[in-house]
Amino acid sequence: MAPVVQIEEIHKIYESGEVPVHAVRGVSLDIHKGEFVALMGASGSGKSTLMNLLGCLDRPTKGTYKLDGIDVSGLDKNELADLRNRKLGFVFQGFNLLARTSALENVELPMLYGRHRRMSTAQIRDRAMECLESVGLTNRADHMPNQLSGGQQQRVAIARGLVNQPQVLLADEPTGNLDSRTSVEVMGVFQKLNEAGITIVMVTHELDIARYCKRNLILRDGVVVRDEAVKDRSIAAEELAKLKTAETAAKLLASPAA
Amino acid sequence: MRFSSTIRVALRALRRNKMRSILTALGIIIGIGAVITVVSMGNGTKARIEAQVAALGRNIITVYPGSSSSGGMRGGFGSSVTLTVEDAEAIAAEVADIDGVSPEVRDRNQVLANGLNWSTNINGESPDYPYIKNWNIVAGSMFSDQDVKSLAKVAVIGKTVVDQLFPNEDPIGQTLRIRNLPFRVVGVLDVKGFSLFGSDQDDVVIIPYTSHMKRVSRRANISTILVQGASPEKLDVVKQHIEDLLTQRRKGREPDFTVRTQEELAATATANSEAMTFLLMGVALVSLVVGGIGVMNIMLVSVTERTREIGIRLAIGAHGRDVLTQFLIEAILLSLLGGVLGILSGIGASNLASIYMGIPTLIAPWSIGVAVGVSSVIGLCFGFFPALKAARLDPIEALRYE
Ligand SMILES: Nc1ncnc2c1ncn2[C@@H]1O[C@H](COP(=O)(O)OP(=O)(O)OP(=O)(O)O)[C@@H](O)[C@H]1O
Ligand SMILES: [Mg+2]
């Protein structure tokens with residue numbers, strides 16, 4: 001089967017500053033359906049730039065990108081928007097939920113655009129509830145983002161990314177604003193989705209977070225310097241169970257003093 | 001994006017900043033309110049003038065001294081010496097389809113009675129006068145043709161004069177003195193109120209025009225000639241006949257008179273109030289433009305504030321057009337809100353104006369439609385630039401915006 005993401009000798013040069021910045025210098029990459037990829041690398045190595053290219057939010061200076069077999073270089077602004085709407089899901093570092101808009105309505109948002117226009121209000125609602133359920137947040141559907149914890153907000157964002165049944169879910173530092181336990185919870189959600197067949201590409205700084213993925217790519221100065229399968233993968237469910245026993249033990253130790 | 005959700009999003013955005021929305025709409029509220037009020041005043045004044053013109057009498061044609069080209073209609077009173085009793089008699093004798101003619105001589109003078117005195121209008125008229133003016137005599141009767149012929153010292157007086165000179169008694173049969181000449185009161189006119197030009201029509205003493213010319217003012221010419229046409233349809237023909245007759249009587253001299261029908265008079269009177277209405281409308285429109293700029297300003301603020309939201313929408317598949325419509329609708333709703341509040345305050349203001357300032361007002365239904373239309377157009381025009389700015393944002397930069 002053809003890869004979902006197929007990039008060849010892709011370059012990105014930012015010309016906006018005084019000196020042009022060569023942020024991505026010739027990356028070639030195939031990502032197949034069902035993969036779970038972590039993009040790693042030092043700050044400034046070009047991870048976000050590459051993610052923006054993968055997400056069709058930005059155009060490469062050079063090279064070709066085929067998403068699900070479609071060459072995106074020939075598409076105009078609106079066609080790119082439709083492609084993003086249809087084939088991609090986004091999870092951002094800062095959650096980027098609409099403020100003062102309920103969790104449910106945030107999840108509904110992608111269905112208000114593109115080909116989904118013809119769906120009925122009830123269908124949209126049902127589909128959004130389904131996705132909230134898959135991230136375990138049905139009981140928070142009516143909450144506003146400021147009434148949700150960071151982990152819950154990120155789960156709403158994931159649900160929003162899933163709602164149009166994308167080919168690839170793209171996440172730039174999805175755990176960047178979360179504590180380690182919540183990070184593991186979010187990775188648990190990703191692992192569950194990945195098992196259900198969803199392709200995920202995420203950026204992370206943290207090695208132990210990358211170990212929840214199946215494949216790790218390491219970028220340095222805009223080139224991929226390492227590309228390897230994760231051996232001895234962490235399983236979020238197990239890690240959470242471990243954390244729980246550790247907490248209980250800590251509580252038992254603390255209680256006599258109290 | 002679907003229309004219903006666009007409206008919902010826009011309403012939510014406006015509700016989120018209630019105070020700001022109201023303050024922004026204030027310019028539009030004032031502008032629309034002013035338009036509604038001004039139009040209602042113009043409308044009310046026009047209606048009042050029309051009523052007053054109707055009260056002038058039925059099918060009235062007035063002949064003024066002085067030609068219309070020299071502005072004689074206004075300035076001619078007393079200065080031109082061109083209309084004569086013979087002119088009036090010729091009209092009465094020769095023009096068809098007329099019901100009455102009254103040569104008018106007007107003057108102001110001191111009147112004494114009962115040891116009281118009062119400065120009032122002394123009008124010389126023919127016995128046709130009350131009939132022409134559609135003005136009832138409530139006590140006594142009008143003087144007769146015989147009185148005109150004999151230069152009789154008789155008077156018919158208005159309500160104001162009655163109040164001033166005969167406060168506690170029946171004026172009929174009493175004597176009042178004009179220029180020291182005793183006049184017997186034979187009739188009292190019904191109350192008529194204020195005229196088109198704001199004068200008290202009841203402040204009048206009417207005497208035979210002959211007595212006026214020979215005894216009181218001692219002049220050879222008359223002020224105006226009042227003619228009553230037999231029917232409204234023939235008024236223009238009658239007017240033409242009068243003009244022809246008077247021209248013919250002047251044997252080739254420059255026409256030194258002006259003939260006006262009641263409708264033409266009304267048009268002249270409403271012209272002033274219409275000019276005033278247009279002037280005030282101009283001021284109101286300026287306020288609307290200022291209000292529109294306010295809308296534009298706040299929409300620019302709104303776009304900047306919600307840059308990240310715009311970034312999210314664009315990233316997940318909104319087209320520039322979707323964002324454009326969203327902000328346009330928000331701007332239109334904002335100024336429509338101003339429009340609706342403006343209509344309400346305009347209605348309120350015109351009620352206040354008529355209750356406390358006595359200005360006649362009449363809300364014109366079309367002005368409400370225009371107000372709604374104008375405020376949406378303002379929203380559309382002044383919201384377009386901010387909305388375009390939003391639609392042209394780059395999703396990556398918008399998402400990164402702090
Ligand atoms: N819009 C831009 N204009 C100019 N230069 C840019 C722009 N965006 C990124 N760069 C430059 O491109 C290089 C790669 O940036 P990028 O954001 O992809 O790094 P990153 O790997 O995501 O870093 P971090 O881990 O800190 O997020 C950096 O040197 C950065 O300064
Ligand atoms: Mg980055």
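Before I start on the sheet, I note what pairing means here: two strands pair if DSSP finds at least two bridges between them. I also remind myself that this is a predicted model.

**Entry: the six-stranded sheet**

I traced an open sheet of 6 strands in chain A, and the order reads β6-β7-β8-β3-β9-β10, with mixed pairing. Which strands sit at the edges? I found β6 (88-91) and β10 of chain A there, each pairing on one side only.

A:Met40 has A:Ile218 in β9(A) as its bridge partner.

Helix α2 (residues 77-87) of chain A lies across β6 and β7 (168-172) of chain A, running at about 80° to β6(A).

**Entry: α5 against α6**

How are α5 and α6 of chain A packed? I got an angle of about 20° between α5 (residues 150-162) and α6 (residues 180-195), with the axes 10 Å apart. Angles under 35 degrees count as roughly parallel, so α5(A) is roughly parallel to α6(A). The crossing of α5(A) past α6(A) is right-handed.

I listed the residues that meet: from α5(A) come A:Gly151, A:Gln154, A:Arg155, A:Ile158 and A:Leu162, and facing them in α6(A) are, among others, A:Val186, A:Val189 and A:Phe190. Sorted by class, this contact has 6 nonpolar, 3 polar and 2 charged residues.

**Entry: A:Phe92**

I then looked up A:Phe92, in the loop between β6 and α3 (103-108) of chain A. Is it buried or exposed? A:Phe92 has 10% relative accessibility, and buried means under 20%, so A:Phe92 counts as buried. Setting aside neighbours within four places in sequence, I see A:Phe92 in contact with A:Gln154, A:Arg160 and A:Asp172, and also with B:Ala315 and B:Leu399. I checked A:Asn106 as well: it is 14 residues from A:Phe92 in sequence and 14 Å away in space, C-alpha to C-alpha.

**Entry: A:Ala229**

A:Ala229 is in strand β10 (residues 223-229) of chain A. A:Ala229 has a relative accessible area of 56% and is exposed. Not counting residues up to four places away in sequence, A:Ala229 touches A:Lys214 and A:Arg215. The C-alpha atom of A:Ala254, 25 residues apart from A:Ala229 along the chain, is separated from that of A:Ala229 by 41 Å.

**Entry: other strand pairs**

β4(A) and β5(A) form a hairpin with 2 residues between them, and A:Asp68 in the turn has a positive phi of about 55°.

Over in chain B, β1 (residues 60-65) and β10(B) run antiparallel, joined by 5 bridges. B:Val63 stands opposite B:Val259. β10 (residues 257-261) of chain B is mostly covered, with 4 of its 5 residues buried.

Conventions: Residues numbered from 1 in each chain as written. Chains lettered and ligands numbered in written order. Predicted model: local features only at pLDDT ≥ 70, side-chain atom pairs only at ≥ 80, totals over all residues. Heavy atoms only, no water. Axes fitted to C-alpha atoms, helices over the stretch in contact; angles between N-to-C directions. Parallel < 35°, antiparallel > 145°, perpendicular 65-115°, else oblique. Left-handed = near helix turned anticlockwise from the far one by under 90°. Contact = heavy atoms within 4.5 Å. Nonpolar A, V, L, I, M, F, W, Y, C, P; charged D, E, K, R; others polar. Buried < 20%, exposed > 50% of the residue type's maximum accessible area, 1.4 Å probe, protein only.
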